[in-house]
Amino acid sequence: MLRIGKFEKVSLKRFMQDWKKVFGGSDLDAEQLYEKITLPRRATTGSAGYDFWAPDRFILAPGKTLKIPTGIRAIIEDGWVLACFPRSSLGFQYRLQMDNTVGIIDSDYSQSDNEGHIFCKLTNDSREGKELILEAGTGFMQGIFLPFGITIDDCTTQKRNGGFGSTN
């Protein structure tokens, strides 16, 4: 296997800022959540996906959306991308979907002003009225490292600084 990436926590300051922007709460609450963040890992030697764990308990009613600051960043070698998907079991049981279908974390995202903080926006699209309860420490998303290519005549020189919409 090629070893082309590494997961790290974003700084405490970054996590606290992003968490409080989404959920409010105190610095102490955010700091306590930060200390409990677990880096993504594979469940088995044959797993392609690295599981991301819920930093807190979340309840997601049918038809509702939730944005989760994970506290995680990915350092990725050039020529690779991290593709993020909902955990298969949650998609099967609750029709849990990511709002952007597949999250794409580019190799240069970790150098952005936001430290490459990975967010996940989920919707419970249950048609059976099932409420999704994600306990803290429950896997909710998986990331898979994939290679990519560029065209022979590619001449891009623009540098990234940010997440959604930062590259037009």
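Strands (E, at least two residues) are DSSP runs, numbered from the N terminus.

The model is predicted: local features need pLDDT of at least 70, side-chain atom pairs count only at pLDDT 80 or more, and totals for chains, interfaces and linings use all residues. Residues are numbered from 1 along each chain as its sequence is written, and side-chain values use heavy atoms, with hydrogens and water left out.

**Exercise 1. Which residues have the most contacts inside the largest nonpolar core?**

Step 1. Define the set: buried Ala, Val, Leu, Ile, Met, Phe, Trp, Tyr and Cys residues joined through side-chain atoms within 4.5 Å. Buried means under 20% relative accessible area, exposed over 50%, partly exposed in between (1.4 Å probe, protein chains only).
Step 2. The largest such core has 36 residues. F52, L82, I118, L122, F140 and M141 have the most contacts inside it.
Step 3. Follow M141. Leaving aside neighbours within four places in sequence, its contacts (heavy atoms within 4.5 Å) include Y50, F52, C84, M98 and I118.

**Exercise 2. Classify the ring pairs that F7 makes with Y50 and F52.**

Step 1. Rings of Phe, Tyr and Trp (its six-membered ring) pair if their centres lie within 6.5 Å; planes under 30 degrees apart count as stacked, over 60 as edge-to-face and the rest as tilted.
Step 2. The whole structure holds 9 aromatic pairs.
Step 3. F7 and Y50 have ring centres 5.5 Å apart and planes at 55 degrees, so this pair is tilted.
Step 4. F7 lies in strand β1 (residues 5–9) and Y50 in strand β2, so the pair ties together parts 43 residues apart in sequence.
Step 5. F7 counts as buried at 9% relative accessibility. Y50, at 25%, counts as partly exposed.
Step 6. F7 and F52 have ring centres 5.6 Å apart and planes at 85 degrees, so this pair is edge-to-face.
Step 7. Both F7 and F52 are buried.

Technical notes
Helix = DSSP H or I, 4+ residues; strand = E, 2+ residues; numbered from the N terminus.
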